Number of protein chains: 2
Amino acid sequence: MLILTEQEKAIAASIAEMKSKAGSHSPSVFTLFENLPELRVKIDACYLSNPYATELFLNFLRRELIDTGRLRDFLEFYPSQNQVIASALEEHLDVPTGKIFVGNGAAEIIQAVIHNFTTKKILVNIPTFSSYYEFAKDDVQVLYFKLDKDNNFRLDIDSYLQTIKREKPDTVVLINPNNPDGGYIGFAEIQHLLEELREVDNIIIDESFIHFSFEERVNKFRSALELSRHFNNLIIIKSMSKDFGIAGIRAGYAVMSEAKVNYLLKNGYLWNVSGLAQYFFNLYAREEFSREYEKVRVQYVQEAQTFFKNLSKIPSIKVYPSMANFALVELIDGSRAADFFIKMLVQHHIYTRSCSDKIGLDGQFVRIAARTKGENQAIINAINSIYSLPLEYDYEVAMQAA
Amino acid sequence: MLILTEQEKAIAASIAEMKSKAGSHSPSVFTLFENLPELRVKIDACYLSNPYATELFLNFLRRELIDTGRLRDFLEFYPSQNQVIASALEEHLDVPTGKIFVGNGAAEIIQAVIHNFTTKKILVNIPTFSSYYEFAKDDVQVLYFKLDKDNNFRLDIDSYLQTIKREKPDTVVLINPNNPDGGYIGFAEIQHLLEELREVDNIIIDESFIHFSFEERVNKFRSALELSRHFNNLIIIKSMSKDFGIAGIRAGYAVMSEAKVNYLLKNGYLWNVSGLAQYFFNLYAREEFSREYEKVRVQYVQEAQTFFKNLSKIPSIKVYPSMANFALVELIDGSRAADFFIKMLVQHHIYTRSCSDKIGLDGQFVRIAARTKGENQAIINAINSIYSLPLEYDYEVAMQAA
């Protein structure tokens, strides 16, 4: 069982204070550095992004904007407006422009949808990404549908449908794969749910992690996008921060009915996307970029799955099945998640996510993101090390590879 | 009087179509280029930014982020959250963090304030920046207070106060200096207004152009910020796009009561500011940057005032007094503003703002932004040229200087 030293306890207290200021989300790496400059973060396994995709994006950015001097235009001038940027995505997504809403990150879109379209009751599966209930307005009732730990947090479709028919929420939220457990709802099940839930005003499917999932073959994912023309109540929300590794740019989009897009644009969301996000959206729609991205996506998904498999070999922890780019890890030896977090940070400079604040999680849980192959190995070695288990690989070598 | 050629008429039609898609704002330079690649814009006198400040920001960005490789961190990682970024501004603004709300451009803040705090009636002076009435929700009554052209669009304080006492709006909006005319309300008058309007729930003062104004000495402006501790109903909104020339980054802030900031943060506005905007806000608060900025600010203000003086010497147009970085120009020879816009764009590659769509402007108006000294001269030469007036300077030389 993990026990903190006095020095580790002091750092834990400082971080707890920062965290109370950051609300229910982890302090950013920036905030962490500013407040505790002695803490080096070598591996950020808290935030959830594909580092290979970041590198790919940076290569394009360097070549096309920095080396050419065009970067200035993207910083100086106003970006184009919402529907102009949306039109760049039309062909790539195979969805008409009028159904696309671009946002300053998925967080802005979640806020827009919940504030404007949820009027009475929202059903949220827990554990979940907290914004879905935090952003609910005061007069909206929040209902929770608990995912069962003993069933690996899989969604029980029948019980879910029964709850909805009984409670009649105007909004239901499915994150697929789910955050923080990585549980995946197959395409056929999604289709079945949509068929059954035609009476619900807003069915939000958050596909921020869909690029990391697969059905038969590891190199192919299936998005609910192809169903959008058949279900007018479907709202697909997509962060670009995770799959493309560009959380700092703030880029996301949603696909929903034209009426809903128009409602949002009617009084707001002007220039809500930055010049660099506009550059990104245009890049995203380009075949040249897509082709390159597809390679790093598949590579990352394969490495992530290998990482989860290796993680699950460690005694003292239980790893839940994940189709996302992170694993939900339960500490089953009596250790506290908060102590695991501190030991990983202080001794190994690895930033993980303690899930102590997540509602609907009974037990001690941490969420660990997959990174590069070398970093993944370093994370495994670090966990072995804090539990005083023999290392599989030489720690220093793995860190250098990271 | 200006008369379009057939070719100019065809381009006018294409732009009109684009403009209908862009709503009541001009299409961005990006949109313009994409749709009409044959149109080169050499001088953007439509959008309103200090080009010297853009250059200054780019110098810091190059030195600190690009050359060092730190740019990646700002694109890859989540930025800090609202109040963490606000705390970086506390000392510089001399306002407690709890009263500061940072936004994804002033547009997001205008939307947040109008959607959340304006419940019944909003009083907007016209002509104005259209978002202030466009963002009003359906059940909010919009009242207009017309600024008198014959009084150079100056605000008549007594008549304004009478209107407010009679109509009892819950929100009043003052843009100072005003957009699109540049009219300025002195600090003493602002203070007087605030004293008289303690009963109004929300007094919005939009100071997006305040850095271009001055009272006694051209190198010193006075912000209503220093009054914020005395008036709990005061909401100061500040875009950083104009004075710092960074519209593409989307950065703005507001100062308002702590209760209002908390209300906004309670269910939203998480990660609403990008990594680069966070970098900018930290830079803005640094003395090293402030000192350099102050030089380019004063230089630009002086050149802008000289530009307005030179503009006003041109017959056929009337230039209204401006304390902003643009001049409202009335065509008094019977020419149409739309035709002026097209001639400037097609013949001289200068992008200006026709104000035909601005409510509260009776007559033919264009708004022309001040740019660098060389560009300002090129703009004057271009106007002389489209009116077939003798040029003061050699046009080609001035364009090269631009």
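Reader: Where is Pro127(A) found?
Author: This is a predicted model, and in it Pro127(A) sits in a loop of chain A, between strand 3 (121-126) and helix 7 (131-134).

Reader: And what's the peptide bond from Ile126(A) to Pro127(A) like, cis or trans?
Author: That bond is cis, with omega near 5 degrees. For context, most peptide bonds are trans.

Reader: OK, what about the one from Asn176(A) to Pro177(A), cis or trans?
Author: The Asn176(A) to Pro177(A) bond is cis, and its omega is near -5 degrees. Look for Pro177(A) in the loop between strand 5 (171-175) and helix 9 of chain A.

Reader: Then there's Ser316(A). Is its phi positive or negative?
Author: Positive: phi of Ser316(A) is near 75 degrees, and this residue isn't a glycine. Most residues other than glycine have a negative phi. Ser316(A) is in the loop that runs between helix 12 (287-311) and strand 9 (317-319) of chain A.

Reader: Since helix 12 came up, how do helix 3 and helix 12 of chain A cross?
Author: The axes of helix 3 (residues 51-66) and helix 12 of chain A come within 8 Å and cross at roughly 155 degrees. Angles over 145 count as roughly antiparallel, so helix 3 of chain A is roughly antiparallel to helix 12 of chain A. Their crossing is right-handed.

Reader: Now helix 8 and helix 9 of chain A. What's the angle there?
Author: Roughly 20 degrees, with the axes of helix 8 (residues 157-167) and helix 9 (residues 187-196) of chain A coming within 11 Å. That angle makes helix 8 of chain A roughly parallel to helix 9 of chain A. This crossing is right-handed.

Reader: Switching to chain B, at what angle do helix 1 and helix 13 cross?
Author: In chain B, helix 1 (residues 6-21) and helix 13 (residues 337-348) have axes that cross at roughly 110 degrees and come within 10 Å. Helix 1 and helix 13 of chain B are therefore roughly perpendicular to each other. Their crossing is right-handed.

Reader: New topic: how many cavities of 30 Å³ or more are there?
Author: The count is 11 cavities of 30 Å³ or more. The largest cavity holds about 300 Å³ of space.

Reader: Which residues lie nearest the centre of the largest cavity?
Author: Phe129(A), Asn179(A), Lys242(A), Tyr78(B) and Trp271(B) do, out of 25 residues that line the largest cavity. By class, that lining has 12 nonpolar, seven polar and six charged residues.

Reader: Which helix gives the largest share of the lining?
Author: Helix 6 (residues 105-117) of chain A, with four residues.

Reader: And where does the largest cavity lie relative to the domains of chain A?
Author: Between domain 1 (6-39 + 290-401) and domain 2 (79-285) of chain A, because both of them give residues to its lining.

Definitions and conventions. Residues numbered from 1 in each chain as written. Chains lettered and ligands numbered in written order. Predicted model: local features only at pLDDT ≥ 70, side-chain atom pairs only at ≥ 80, totals over all residues. Heavy atoms only, no water. 1 Å grid on protein atoms, 1.4 Å probe; cavity = no way out; pocket = protein on both sides within 12 Å on 5 of 7 lines; lining within 4 Å. Points joined across faces, edges and corners; volume = space filled by probe spheres on them. Helix = DSSP H or I, 4+ residues; strand = E, 2+ residues; numbered from the N terminus. Nonpolar A, V, L, I, M, F, W, Y, C, P; charged D, E, K, R; others polar. Domains from an automatic or database assignment. Axes fitted to C-alpha atoms, helices over the stretch in contact; angles between N-to-C directions. Parallel < 35°, antiparallel > 145°, perpendicular 65-115°, else oblique. Left-handed = near helix turned anticlockwise from the far one by under 90°.
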